[in-house]
Amino acid sequence: MVKFGLQFKATLENVTNVRPLGDDFRWFLKLKCGNCGEIPDKWQYVTLVESVPLKGGRGSASMVQKCKLCSRENSIDILGDTITPYNAENSETFKTMVQFECRGLEPVDFQPQAGFAAEGAESGTPFPEINLLEKDWTDYDEKISESVGIYEVTHQFIKC
């Protein structure tokens, strides 16, 4: 079992506490088979609410999949207690947002989509429906009469 950390990086304007919202948040990943190196073209997602038993009674994982090329069964599990928000002081630096425990898989790409939330850095105004698919998001905080935004979203994976 290998743990991989998804590190998030963005430029934050007047917002903080950027985080995935809810246990049903979908982490869209591209996963490489550790046995044959196959990387499927399609995005796959994992959530905390989904749990699949592993063969041989070795516990469970967020997703179990069989490689289409080599037929090896691999799994990935979200480590829920590692999910941490990205805050204003993290702006423009990489910070680990979540860790995945992988058996036979390696995450190689991440696609942020809908389901993120944040709040105004000064006002505390909630922004509950943020979609980062375009790698940028903007809105207006009426409490402080300022624009808010998340820009230049990028990521990297690290071994933990």
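# Close-up views of an all-strand model

**View 1. The whole chain.** The protein has 14 strands and zero helices. Strands are DSSP runs of E with at least two residues, helices are runs of H or I with at least four, and both are numbered from the N terminus. This is a predicted model, in which local features need pLDDT of at least 70, side-chain atom pairs count only at pLDDT 80 or more, and totals for chains, interfaces and linings use all residues. Residues are numbered from 1 along each chain as its sequence is written, and side-chain values use heavy atoms, with hydrogens and water left out. From the N terminus on, the elements run β-β-β-β-β-β-β-β-β-β-β-β-β-β. The C-alpha trace spans about 55 × 25 × 25 Å along its principal axes. Of the 160 residues, 42% are buried. Buried means under 20% relative accessible area, exposed means over 50%, and partly exposed lies in between (1.4 Å probe, protein chains only).

**View 2. Tryptophan 27 meets phenylalanine 100.** A search of the whole structure finds eight aromatic pairs. Here the ring centres of tryptophan 27 and phenylalanine 100 are 6.1 Å apart, and their planes stand at 85 degrees, so the pair is edge-to-face. Rings of Phe, Tyr and Trp (its six-membered ring) pair if their centres lie within 6.5 Å; planes under 30 degrees apart count as stacked, over 60 as edge-to-face and the rest as tilted. The pair links distant parts of the chain: tryptophan 27 sits in strand 3 (residues 27-33) and phenylalanine 100 in strand 9 (residues 95-103), 73 residues apart.

**View 3. Phenylalanine 127 meets tryptophan 137.** In this pair, the ring centres of phenylalanine 127 and tryptophan 137 are 5.6 Å apart and the planes are at 70 degrees, so the pair is edge-to-face. Phenylalanine 127 belongs to strand 12 and tryptophan 137 to strand 13, 10 residues apart. Phenylalanine 127 has a relative accessible area of 7%, so this residue is buried. Tryptophan 137, at 10%, also counts as buried.

**View 4. A cluster of rings.** Ring pairs join Phe8, Phe25, Trp27, Tyr86, Phe100, Phe110 and Phe116 into a cluster. Look for Trp27 and Phe100 among its members.

**View 5. Glutamate 73 and lysine 55.** The structure holds two salt bridges. A salt bridge is a side-chain nitrogen of Lys or Arg within 4 Å of a carboxyl oxygen of Asp or Glu. One of them joins the side chains of glutamate 73 and lysine 55 (3.8 Å, N to O). Glutamate 73 lies in strand 8 (residues 73-79), and lysine 55 lies in the loop between strand 5 (52-53) and strand 6 (60-61), so the pair ties together parts 18 residues apart in sequence. Glutamate 73 is partly exposed at 33% relative accessibility. Lysine 55 is exposed at 55%.

**View 6. Glutamate 101 and arginine 103.** A salt bridge joins these two side chains (3.3 Å, N to O). Glutamate 101 counts as buried, with 15% relative accessibility. Arginine 103 is partly exposed, with a relative accessible area of 21%.

**View 7. A negative surface patch.** Which residues form the negative surface patch? They are Glu92, Glu134, Asp136 and Glu152. Patch residues have over 30% relative accessible area and no salt bridge, and like charges are joined within 9 Å. Asp and Glu count as negative. Glutamate 134 lies in the loop between strand 12 (126-130) and strand 13 (137-141). Glutamate 134 is exposed at 64% relative accessibility. Glutamate 152 is found in strand 14 (residues 146-159) and is exposed at 60%.

View 8. Most residues other than glycine have a negative phi. Glutamate 152 has a positive phi, near 55 degrees. Serine 71 has a positive phi near 65 degrees. Serine 71 lies in the loop between strand 7 (63-66) and strand 8, and is partly exposed at 46% relative accessible area.

**View 9. Proline 53 and valine 64.** Proline 53 has its place in strand 5. With a relative accessible area of 64%, proline 53 is exposed. The C-alpha atoms of proline 53 and valine 64 are separated by 8.2 Å, and the two residues are 11 residues apart along the chain.

How values were computed: Patch = residues over 30% accessible without salt bridge, like charges linked within 9 Å, V, L, I, M, F, W, Y side chains within 5 Å. Areas by Shrake-Rupley, 256 points an atom, 1.4 Å probe, with all protein chains shown as cover. Charge placed at Lys NZ, Arg CZ, Asp CG, Glu CD.
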